Amino acid sequence: MTYNKEHKADRIGWIRAVVLGANDGIVSTSSLIVGVAASNVASQNLFIVGLAALVAGALSMAAGEYVSVSSQSDIELAELSIEKDHLANNWELEIQELAAIYEKRGLQTELSLIVATKLMESDALGSHARDELGITDLSQSNPLQAAWVSALSFSTGAIIPLISIMIFSMTNLIPAVVIISLLALVLLGCLSAWLGGTPKKLASIRILFWGSIAMFSSIFVGHWFNIAS
Ligand SMILES: [Zn+2]
């Protein structure tokens, strides 16, 4: 059995992963490119730097997401197995436990007992997972899928500054990458706000602020180590 609330939570998790991946791809790759460009390297070297940043970043995101989702899933499975054991051995006690949770949320004692009994009859493990353990999705997210989604969204973000290297000459590459990447970040902010039903302006300002800090810090470092000077 599913509820609207759970569907929305699922969607938020999904949006979060994609936006984070794309945001990371744009910010880290463009920062690296403008930083290295500020130190006056040749443009073909710059392209290799950008490409390496894309591959390394995508794989790192994939690995991170795989490990994170897997361990989360391991923890949840262990918790559910303990709960299954409890339900098999202490049915009456578990009804009391669930009823106590509902009473705490504002139901009367008799009503919470009725609710707990009914919920346990229809889906005992599901209701304990949700109300006692806070596990809303029993279907378990797939770590491999999460890894692919992250790698793909990172690459999509990273390809934006990488294409800029091919289009613009070295003389105006830095401002071009900065402007294009910031525009892409604003678009991403608007898209995520629209998907999540949150204010667009706030999301854009937030994403613009942190993106700018990353890029300008890199330019500063690049200038500092200017190899031509
Ligand atoms: Zn329980």
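I began with F209, which at 46% relative accessibility counts as partly exposed, because partly exposed covers what lies between buried (under 20% relative accessible area) and exposed (over 50%), with a 1.4 Å probe and protein chains only. I note that this is a predicted model, in which local features need pLDDT of at least 70 and side-chain atom pairs count only at pLDDT 80 or more, while totals for chains, interfaces and linings use all residues. Residues are numbered from 1 along each chain as its sequence is written, and side-chain values use heavy atoms, with hydrogens and water left out.

**Rings**

I then looked up W210, which is exposed, with a relative accessible area of 55%. For ring pairs I kept to one rule: rings of Phe, Tyr and Trp (its six-membered ring) pair if their centres lie within 6.5 Å, and planes under 30 degrees apart count as stacked, over 60 as edge-to-face and the rest as tilted. By this rule the count comes to 3 aromatic pairs.

**Zinc site**

Which residues coordinate the zinc ion? I listed E83 (OE), E94 (OE), E97 (OE), H128 (ND1) and E132 (OE), at 1.9 to 2.3 Å, where donors are N, O and S atoms within 2.8 Å of the metal (3.2 Å for Na, K and Ca), and sites may look incomplete because water is not among the atoms. In sequence these donor residues are spaced E-x10-E-x2-E-x30-H-x3-E. E94 lies in helix α3 (residues 91–104) and E132 in helix α4 (residues 109–133), so the pair ties together parts 38 residues apart in sequence; helices (H or I, at least four residues) are DSSP runs, numbered from the N terminus. At 4% relative accessibility E94 counts as buried, whereas E132, at 28%, counts as partly exposed.

**Helix α2**

My last entry is S70, which is found in helix α2 (residues 43–89) and counts as buried at 16% relative accessibility. A polar atom of the S70 side chain lies 2.6 Å from the backbone oxygen of Y66.

Definitions and conventions
Helix = DSSP H or I, 4+ residues; strand = E, 2+ residues; numbered from the N terminus. Polar contact = N/O pair within 3.5 Å; in protein donor to acceptor, adjacent residues only side chain to side chain.
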